[in-house]
Amino acid sequence: MCGIVGAIAERNITPILVEGLKRLEYRGYDSAGVAVIQADGALDRRRRAGKVSSLEQAIAEKPLLGRLGIAHTRWATHGAPTEANAHPHFSHGEVAVVHNGIIENFEPLREMLKARGYEFTSQTDTEVIAHLLHLRLTELGDLTVALKAAVKELHGAYGLAVISSKQPDRILAARSGSPLVVGLGHGENFLASDQLALRQVTDRFIYLEEGDIAEIRRDGLQLWDVNGNPVRREEVRYHEGAEAADKGGYRHFMLKEIHEQPAVVQRTLEGRLGAQQVLVDNFGPQARELLAKVRTVQIVACGTSYHAGMVARYWLESLTGIPCQVEVASEFRYRKVAVHPDSLFVTISQSGETADTLAALRYAKELGFLSSLAICNVATSSLVRESDMTLLTNAGPEIGVASTKAFTTQLVALLLLTLGIGQVQNRLNDGVEAELVSELRRLPTHLEEALAMDKVVEKVSELFAEKHHTLFLGRGAQYPVAMEGALKLKEISYIHAEAYPAGELKHGPLALVDADMPVVTVAPNNELLEKLKSNLQEVRARGGELVVFAEGGTGIANGEGTHVVGMPAIHDCLAPILYTVPLQLLSYYVAVLKGTDVDQPRNLAKSVTVE
């Protein structure tokens with residue numbers, strides 16, 4: 001969601017801050033700002049509603065020069081997306097704050113500060129932090145001590161970066177529920193909410209843990225843990241190529257990331273497949289022992305990752321016979337949960353910083369689950385650090401807000417997990433693991449075949465140019481794929497889209513079907529095909545226009561009101577992964593036709609790090 005960048009150096013850091021914000025644009029935002037301490041010791045800032053380019057223009061018109069500064073892209077929670085509500089927020093021209101997260105007790109703090117004479121110029125919860133820090137700095141005389149005192153009064157989630165003209169030799173940072181990373185340079189240091197913001201200046205990072213406070217100076221770093229004790233954190237060197245943040249000749253990051261899927265799926269599989277079986281020991285040093293004890297699986301995730309978990313439920317129960325429950329993290333964390341004996345708790349998150357998923361993991365630790373396993377794309381994330389086992393998807397940075405390659409690599413990881421549990425517990429039918437390992441090796445080639453339909457799908461997308469509603473249908477493990485297709489379409493084209501199990505048509509959705517309501521269906525050639533074909537006849541009988549992604553041999557043909565896109569043949573277990581790709585392409589090309597902002601759709605953020 002919101003993005004933070006900070007820098008302290010012996011050079012003008014404004015260009016570093018602005019470039020960092022540009023690299024965080026994929027996270028979603030509606031305003032941006034920069035504050036620096038100038039050569040005369042005064043704090044100054046530029047803020048603008050809208051894109052970072054507007055902020056950059058404002059700085060070009062009225063330059064900001066400084067060697068210490070902080071910057072922010074804001075995704076509105078408290079207060080409208082206006083310049084007055086944009087960060088950084090000031091207090092008395094002496095303290096500047098940027099903040100990711102939500103302060104839940106900001107209203108009583110605001111009233112207390114008003115009673116002490118502080119005036120508020122915004123509607124945000126963040127301005128409360130700025131004034132509270134100024135108050136504690138006035139009382140205590142040291143910015144670091146003031147921050148340590150102030151955070152004890154804050155309830156909620158925050159990632160904070162603070163500077164003060166009273167002590168212009170440091171950046172202060174605090175983390176509680178919102179990620180922060182320190183970038184290490186030579187004679188200069190940096191801060192960000194995502195290391196991608198700092199890749200142009202360093203490849204050495206230290207990730208703050210929950211409750212950490214950092215004092216960042218030009219020539220040093222001090223850290224304190226949640227209990228106020230000095231602490232050292234591991235330095236991590238980042239090796240991902242810089243090309244990850246480049247469109248590589250594609251019109252949008254989303255299209256690039258769709259086309260990267262054969263390569264990143266290959267990376268997900270690397271080192272995890274033996275000749276005829278999954279290499280379970282690669283899941284972690286205790287994986288084999290823990291997986292042998294699993295009697296049930298609880299999967300918790302949000303958004304696209306939740307859909308991946310729903311597919312995994314079909315795999316786990318059909319291949320291994322192990323019961324599986326899948327739940328949205330924001331619901332799981334707030335209800336009383338009955339934990340089954342020897343239950344494995346699985347979390348799925350692209351970023352590993354999704355607030356609800358992290359909170360669910362921490363809640364699960366109190367409930368007595370057997371063990372926890374994270375399926376995640378970021379090795380240094382909070383989710384990975386706090387889980388017992390990890391399956392990294394190795395998809396590389398995903399810049400487009402609408403998830404694509406993260407989803408398919410999550411599915412691959414979940415199938416590996418399913419086969420791993422089945423292998424350890426001897427639950428798989430004879431030859432099944434060897435057969436699926438062989439199919440997984442061929443999966444990147446099948447994905448290439450699906451991507452070769454790019455132009456066909458682009459032509460089909462023209463059917464949606466003037467449409468405002470769409471139904472997606474699927475049966476079995478393809479139902480979550482239909483849900484993911486509907487989510488992609490609504491995310492980036494702003495077309496209202498809903499997904500249903502095809503068998504539910506008669507229970508309400510059929511009332512919506514007419515010539516203005518396209519119906520998109522995924523139709524692999526499996527045991528549910530004939531029932532699905534009956535559902536499609538019901539749609540056509542009511543004038544509905546069908547778009548069907550169908551494997552050869554299904555008997556579904558092009559005709560009036562029916563548009564068939566042929567799919568390559570694939571093993572039924574892997575079909576959900578393959579059929580996801582044309583639905584991603586469909587949503588992409590519809591969004592391009594609609595003229596929307598494909599990579600940064602309105603009101604959405606890449607990583608949801610607040611509730």
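Start with strands β17 and β18. β17 covers residues 343-349, β18 covers residues 371-376, and they pair in the parallel sense over six bridges. Take T347: its bridge partner in β18 is A374. Keep in mind that this is a predicted model.

Now the whole sheet. It is open and has five strands, in the order β16-β15-β17-β18-β19, with parallel pairing. What stands at the edges? β16 (324-328) and β19 (389-392) do. Each has a single partner strand, so one side of each is left without a neighbour in the sheet. From one strand to the next, the twist averages 20°.

Next, the helices. Helix α9, residues 303-320, lies across β15, β16 and β17, and runs at about 170° to β16. Helix α11, residues 355-367, also packs on the sheet. α11 touches β15, β17 and β18, and its direction makes about 165° with that of β17.

On to the cores. The largest nonpolar core has 91 residues, and V297 and F549 touch the most other members. Helix α18, residues 575-594, gives the most to this core: twelve residues. Domain 2 (251-428) and domain 3 (448-599) both contribute, so the core lies between them. Leaving aside neighbours within four places in sequence, F549 contacts, among them, V457, V565, Y579 and L586. A second, separate core has 28 residues, including V95 and L147.

Last, confidence. The protein chain averages a pLDDT of 89. Strand β12 is highest, at 98, and helix α17 lowest, at a mean of 66. Where pLDDT is low, the predicted coordinates should not be read in detail.

Notes
Residues numbered from 1 in each chain as written. Predicted model: local features only at pLDDT ≥ 70, side-chain atom pairs only at ≥ 80, totals over all residues. Heavy atoms only, no water. pLDDT = per-residue confidence, 0-100. Helix = DSSP H or I, 4+ residues; strand = E, 2+ residues; numbered from the N terminus. Pairing = 2+ DSSP bridges. Axes fitted to C-alpha atoms, helices over the stretch in contact; angles between N-to-C directions. Contact = heavy atoms within 4.5 Å. Core = buried A, V, L, I, M, F, W, Y, C linked by side-chain atoms within 4.5 Å. Buried < 20%, exposed > 50% of the residue type's maximum accessible area, 1.4 Å probe, protein only. Domains from an automatic or database assignment.
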